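Me: Hi! I'm new to this one, could you walk me through it?
Reply: Happy to. Here it is, and then just ask away.

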Amino acid sequence: MASIVMIAADLVAIAILALGIYFTRHRRRDLLVAFVGVNVGVLAVAVVLSGATVALGLGLGLFGVLSIIRLRSSEISQREVAYYFASLALGLIAGLSTDVSPTALGLMALIIVALYVADHPRALARSRHLTISVDRAYTDERALASHLESVLDGPVTQLTVLQIDLVNDTTLVDVRYRASASVEVGAALSGARR
């Protein structure tokens, strides 16, 4: 009976995480399926391993290797990696719990709340990250930063030159910057409409 309650708690938790938080904010159906699939798969194996004589470390290690291989096989953002690991953690917590534990339920709720807050559209709303190709070969980073600040309409907080092409007169740069206050207001309004 306890494992059925924990399985139900996990299904509710992954529904809130994947549908209620991730999908409503990012609208990527392919990753929604991946998060739910990873969660339910890990949950099923964890339930089986919790009652088996097989070494638990071996089973969890196997899932860790498989999840890392899957994460490396396609390009996803760090945000999506966080959702993957949250899905894994929810499945493990629920699957390895032998009884209905307030600690386990609290940890599951903590994971959901942490991602809700950390991935909220208003959290660090002005912070931006781009990889941009500039139509001039810049060898002076200060001049490049000044140019980017005028183009992006905000102060550059960090930049990394990825490539300088002197033949085609271009610079490829990874830039982090703060958007102007008008962009922040637009993002807040966009987030409020969702």
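Me: Which residue does Asp-119 meet in a salt bridge?
Reply: That would be Arg-79, with 2.8 Å from N to O. Keep in mind that this is a predicted model.

Me: Is Asp-119 buried or exposed?
Reply: Asp-119 is buried, at 9% relative accessible area. Arg-79 is partly exposed, at 42%.

Me: How many salt bridges are there?
Reply: The count is three. Arg-28 takes part in a salt bridge with Asp-30 at 2.8 Å and in another with Glu-80 at 3.6 Å. Through shared partners, Arg-28, Asp-30 and Glu-80 form one network.

Me: And Glu-80, buried or exposed?
Reply: Glu-80 is buried, with a relative accessible area of 7%. Asp-30, by contrast, is partly exposed at 46%.

Me: New topic: which residues of H6 are buried?
Reply: Leu-144, Ala-145, Leu-148 and Leu-152. Looking down the axis of H6, its buried residues fall within an arc of 100°, so they line one face of the helix.

Me: What do they pack against?
Reply: Strands S1, S2 and S3. The face of H6 turned away from the buried side carries exposed Arg-142 and Ser-150.

Me: Last one: which residues make the nonpolar surface patch?
Reply: Val-5, Val-100 and Leu-105 make that patch, which is about 190 Å². Val-5 lies in helix H1.

Conventions: Residues are numbered from 1 along each chain as its sequence is written. This is a predicted model: local features need pLDDT of at least 70, side-chain atom pairs count only at pLDDT 80 or more; totals for chains, interfaces and linings use all residues. Side-chain values use heavy atoms; hydrogens and water are left out. Patches are made of residues with over 30% relative accessible area and no salt bridge: like charges are joined within 9 Å, nonpolar side chains (Val, Leu, Ile, Met, Phe, Trp, Tyr) within 5 Å. Accessible areas come from the Shrake-Rupley method with a 1.4 Å probe; for residues, only the protein chains shown count as cover. A salt bridge is a side-chain nitrogen of Lys or Arg within 4 Å of a carboxyl oxygen of Asp or Glu. Helices (H or I, at least four residues) and strands (E, at least two) are DSSP runs, numbered from the N terminus. Buried means under 20% relative accessible area, exposed over 50%, partly exposed in between (1.4 Å probe, protein chains only). The arc is that of the directions from the helix axis to the C-beta atoms. Contact means heavy atoms within 4.5 Å.
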